[in-house]
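The questions below work through one protein model, from its overall build down to single residues.

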Amino acid sequence: MAGGEGKARIPSSSAETHLRQANDLEPCSSALIRLLDDALLHSDLPESLLNYYLELVQEQNDEERQLRAYAIASDRSLLGSNQLLVAAQIARKTDDENGQVLLRKFLSVLLSVNAQDLLPWTEFVLERVQLAEKDHEYPLAASILGELLRQQGETPDLDLSLRHVQMVAEHLQDTAQARGIYESLLSERPDEVRIWSPLLAIYRNAGDETKLCELLESLEKLSLSPDEMRIVQLERIRLMISSGDLGEAEERLRAILGEAPENDAAADLLLALLSPQEDRLEERVELLESLFDQARSRDDALSVTKYALQLAELHRVERREEAVSILVASLPLASAQRELLETLLGLFTDEDNQSDRAEAMEHLLALERGAEAEGLLDELTQLRRQEMDEYGVGRALEIAFSVAGEREQIAANYLAYLKDQEDYGRLGEVLLERAERESDDVRAAQFLAEAAGVFADQLGDPLQGAEALMRARGRDPQNATYLDGAINYFVLVGEVERALELLAKAANCEDVEQQVVLLEKRARLALNERREDLDVLRAAVADLDKALGLVVREEQRSELQEALLQTLFALRESEAATVNQEAERIVVLKLAGVQSEVGDATGAVDTLASWLRSNEDDLEVAKNLGEQAERAGDLSAACFAWEKLAEASEGMTRRDAVLKFADAAERSGNPLDARGLLEAVYLESERDPELRARLRRLYEAAGAYTELADVLKSELEGTDDEERHHLLLEIGDLYLNAQDASAAQQIFESAKEIGKAPFVVASKMAQSFLLAGNIEAAQAMLDENLVAHGKRRTPELASLQFSLAKVAEAKGDVDGMFSWLESALMSDRNNGAIAAELAQRAQDAERYDSAIKALQVLTLRKEPGPISKAEAYFRQAQIAEAQGDGKKALLLARRATATDRTMVSALEMVQRLG
């Protein structure tokens with residue numbers, strides 16, 4: 001915008017930069033517009049912000065705001081020609097007074113900017129001239145048009161030149177300048193009647209007979225049309241009359257009228273000749289009647305009026321009825337001629353046709369104003385009722401209202417008539433018109449509200465009713481019922497966006513209590529009508545937050561908090577549907593916070609737990625849930641939270657979480673729930689005494705591997721095959737963990753006899769052989785079962801392949817080990833243990849392709865595994881960096897930090913590479 005064309009801009013201000021960044025991160029154009037609206041009205045916005053505001057409202061196609069921004073920019077001389085044209089185009093479409101004022105302003109600035117070369121902008125010069133003429137600013141119009149003609153040089157446009165000189169002569173009354181212009185034009189176009197005809201009149205009025213005769217002589221030498229020739233002839237006849245040659249003048253005038261009976265100039269001259277001659281009265285009457293009939297036949301209203309009045313004047317004394325008849329006959333063409341109507345009504349008596357009298361009164365009523373119209377209306381309605389013409393009464397009231405609707409009695413009588421006739425369409429229109437004319441804002445608003453009711457209730461048009469109520473609010477903004485009604489009507493017809501926008505504007509008021517009411521109303525409307533629209537719901541949350549930030553009564557606060565909770569629930573549902581986890585997470589934390597604030601600890605726990613079940617590595621939510629659940633006494637949720645926090649965290653956070661998990665599990669009566677994590681964290685620690693003591697307590701409840709295996713053995717009796725099979729595998733695993741190969745083999749042999757999951761059993765048996773150092777036996781068993789299973793990829797096949805990888809490793813066959821691990825992962829891509837094993841070993845061995853495949857599997861898993869999503873991303877980042885791809889490494893490291901914001905190693909890489 002800055003003083004140039006197109007998209008040329010000055011460097012953005014800091015404020016603009018921040019606003020753009022905010023909008024890029026989370027689109028919020030509507031909110032930014034409302035923010036800048038305030039600044040636009042109450043402060044001098046920096047140019048860059050004014051540019052940005054204009055850009056935003058252009059995107060929203062908000063022409064009202066565009067117009068406001070263009071007006072401010074124009075005042076500060078920031079608009080170039082093309083932008084002024086855009087501004088003018090918008091203003092041109094605006095019907096209200098402000099838009100028309102701005103149109104004049106933009107065009108004036110446009111012409112000022114291009115004052116030295118107006119020719120390319122001729123269209124807009126003429127538009128500005130037309131507007132100036134409309135405003136009766138004739139000196140301005142003549143000046144602009146004169147400058148355009150000057151720039152056109154030696155051959156200016158003839159039509160524009162004639163328009164200019166006519167303005168000079170008629171409106172500026174500068175006869176001398178007009179004469180000079182006409183004479184200059186005549187030298188170029190001596191045959192142009194639009195030049196020489198007015199010039200003849202100028203010479204005649206100035207008494208310059210010499211110039212007049214010279215011009216006539218030159219014209220008589222030209223080949224003129226018959227009509228043009230008659231103009232010359234009439235001018236000669238005027239000279240004859242002025243010299244006393246009346247007989248010749250009359251003869252020539254009658255000749256002209258014989259050829260062209262519609263020639264009023266000839267007729268007027270002839271009548272003027274006859275008027276002083278009293279003995280020629282009948283000739284005058286005959287001539288006037290002929291001229292009157294001819295004027296009627298050609299629908300010439302002005303001539304009809306002129307001749308009718310002259311005839312009526314001649315007949316009014318001795319032939320009044322004839323005068324009335326002539327004037328009545330004139331009405332179809334001369335109904336807007338006040339003199340004729342007043343003359344006719346002055347001639348009427350009670351013996352004449354009263355319908356004709358009423359018609360004449362009706363025509364005159366259309367020309368009256370104020371008290372005169374009111375008085376005439378009373379007479380006319382009385383006459384119409386005497387004639388039993390109720391339709392005529394209505395027409396009279398309509399006419400009176402159109403010319404003097406500001407008169408209380410006229411308006412009241414017309415409204416009463418329309419209600420009585422049940423003409424609701426016109427009733428609504430009249431109420432709108434009455435409001436427009438009313439100077440008292442409160443009364444005007446009442447008329448508009450009444451019109452709204454007519455439109456909505458009687459005519460079934462709630463949208464028009466809403467528009468009327470918005471106009472009522474504009475006249476009386478203190479009356480809240482107008483806005484409420486308009487909002488209800490807009491919602492009724494589906495114009496919810498408009499209703500929301502209106503509430504947003506209204507909520508910018510200074511009355512705090514009113515602000516709170518409007519903000520809550522807007523939020524509830526958004527929730528009820530646009531709960532599927534994310535932007536609208538986010539705005540609703542912002543509205544309620546703003547309302548709660550204001551000074552409100554405690555009862556109001558409770559209502560606002562309840563509305564906020566409902567809105568947050570809806571927003572979370574919508575955010576979840578878009579799979580925008582980060583956005584949903586923000587809502588979850590806010591929702592839980594509000595629930596906690598209102599004393600709904602259980603609700604806060606449920607909210608956080610529902611999120612953590614699907615996002616188990618979210619440390620902040622896990623910690624928040626643990627603390628909320630402890631306060632609420634929900635030990636089950638507390639165990640869940642501390643467990644997930646321990647699984648997803650590291651260092652002291654992980655240590656503290658597993659201790660809290662163990663305590664909560666013990667208090668809930670399930671101490672063994674924490675066993676696995678407690679063991680893992682203890683092994684990670686450097687024999688932390690608190691962890692050791694806590695683990696000992698747990699082992700006292702659970703026992704060591706061998707002891708626990710013995711306990712499980714005692715549970716084998718009385719079980720069905722499926723449960724027995726499961727227990728045997730678990731016992732065998734415990735012996736494997738205890739490094740007791742012999743005991744493990746015996747258990748797996750028992751499991752094999754049951755016959756369930758034979759390939760899983762074979763895989764585990766092979767692991768026991770490996771534990772015993774019998775590699776060949778492990779190889780043989782796995783080979784046999786691999787053939788028996790076939791090539792179909794299943795979790796069982798993955799188990800066999802994983803064990804074969806272990807065999808290959810035992811043989812020192814590194815390539816074989818990686819080959820079997822990759823095969824196992826292909827057979828069961830949901831197996832986090834296999835993926836983690838392959839990822840770690842391949843990365844350590846710099847087999848990066850294999851490592852990346854495994855790590856990508858881990859990032860797609862929903863269930864937690866040996867390697868977290870964040871660690872999987874970070875390991876990929878390490879590989880990318882090792883391969884020299886710093887850009888990819890930075891991207892993956894950022895993903896790791898986005899998944900786990902506490903991952904120090906990933907944060908350090910981002911800082912180092914970014």
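**Overall build and local detail**

Buried residues make up 46% of the 914 residues in the protein, and the model is a predicted one.

Q: How many helices and how many strands are there in the protein?
A: The secondary structure of this predicted model was assigned as runs numbered from the N terminus. The protein has 50 helices and 0 strands.

Q: What is the radius of gyration of the protein, and why does the protein count as more spread out than a compact globule?
A: Along the principal axes, the C-alpha atoms fill a box of roughly 155 × 70 × 55 Å. For 914 residues the globule rule gives 29 Å, and the protein lies well over that value, so it is more spread out than a compact globule. Its radius of gyration is 49 Å.

Q: Among contacts with a separation of 6 or more, what percentage comes from residues 24 or more positions apart?
A: A contact here requires heavy atoms within 4.5 Å. Of the contacts in the protein with a separation of 6 or more, the share that joins residues 24 or more positions apart is 50%.

Q: Which kind is the aromatic pair of Trp121 and Phe124: stacked, edge-to-face or tilted?
A: The structure holds 2 aromatic pairs. In the pair of Trp121 and Phe124 the ring centres are 6.3 Å apart and the planes stand at 50 degrees. Planes under 30 degrees apart would count as stacked and those over 60 as edge-to-face, so the pair of Trp121 and Phe124 is tilted.

Q: Which helices are linked by the aromatic pair of Phe401 and Tyr414?
A: Phe401 and Tyr414 form a tilted pair, with 5.6 Å from centre to centre and 40 degrees between the planes. Both Phe401 and Tyr414 are buried. The two residues are 13 residues apart and the pair links distant parts of the chain, with Phe401 in helix 22 and Tyr414 in helix 23.

Q: Which residue has its charged end over the ring of Phe401?
A: A charge sits over a ring only if it is within 6 Å of the ring centre and within 35 degrees of the ring normal. Over the ring of Phe401, at 4.7 Å from its centre, sits the charged end of Arg437.

Q: Which helices do the buried residues of helix 17 pack against?
A: Helix 17 covers residues 301-315 and reaches 21 Å from its first C-alpha to its last, close to the 21 Å expected at 1.5 Å a residue. Its buried residues include Val304, Tyr307, Ala308, Leu311 and His315. These buried residues of helix 17 pack against helix 15, helix 16, helix 18 and helix 19.

Q: Which residue takes a positive phi just after helix 27?
A: Helix 27 has 13 residues and reaches 19 Å between its end C-alpha atoms, close to the 18 Å expected. Its buried residues, among them Tyr482, Leu483, Tyr489 and Phe490, pack against helix 25, helix 26, helix 28 and helix 29. Just after helix 27, a positive phi of about 85 degrees is taken by Gly494.

Q: Is Glu235 buried or exposed?
A: Glu235 lies in helix 13, and beyond residues up to four places away in sequence it touches Leu200, Arg204, Leu212 and Leu216. Buried means under 20% relative accessible area. Because its relative accessibility is 2%, Glu235 counts as buried.

Q: How far apart in space are Ile231 and Ser197, C-alpha to C-alpha?
A: Ile231 is found in helix 13 and is partly exposed, with a relative accessible area of 28%. Leaving aside neighbours within four places in sequence, Ile231 is in contact with Val193, Trp196, Ser197 and Leu200. Ile231 and Ser197 are 34 residues apart in sequence, while their C-alpha atoms are separated in space by 7.5 Å.

Q: What is the phi of His136?
A: Most residues other than glycine have a negative phi. His136 is placed in the loop between helix 7 and helix 8, and it is exposed, with a relative accessible area of 58%. Although His136 is not a glycine, its phi is positive, at about 65 degrees.

Terms used:
Residues numbered from 1 in each chain as written. Predicted model: local features only at pLDDT ≥ 70, side-chain atom pairs only at ≥ 80, totals over all residues. Heavy atoms only, no water. Phe/Tyr/Trp six-rings, centres within 6.5 Å; stacked < 30°, edge-to-face > 60°. Helix = DSSP H or I, 4+ residues; strand = E, 2+ residues; numbered from the N terminus. Buried < 20%, exposed > 50% of the residue type's maximum accessible area, 1.4 Å probe, protein only. Expected span 1.5 Å × (residues − 1). Rg over C-alpha atoms; globule rule 2.2 N^0.38 Å.
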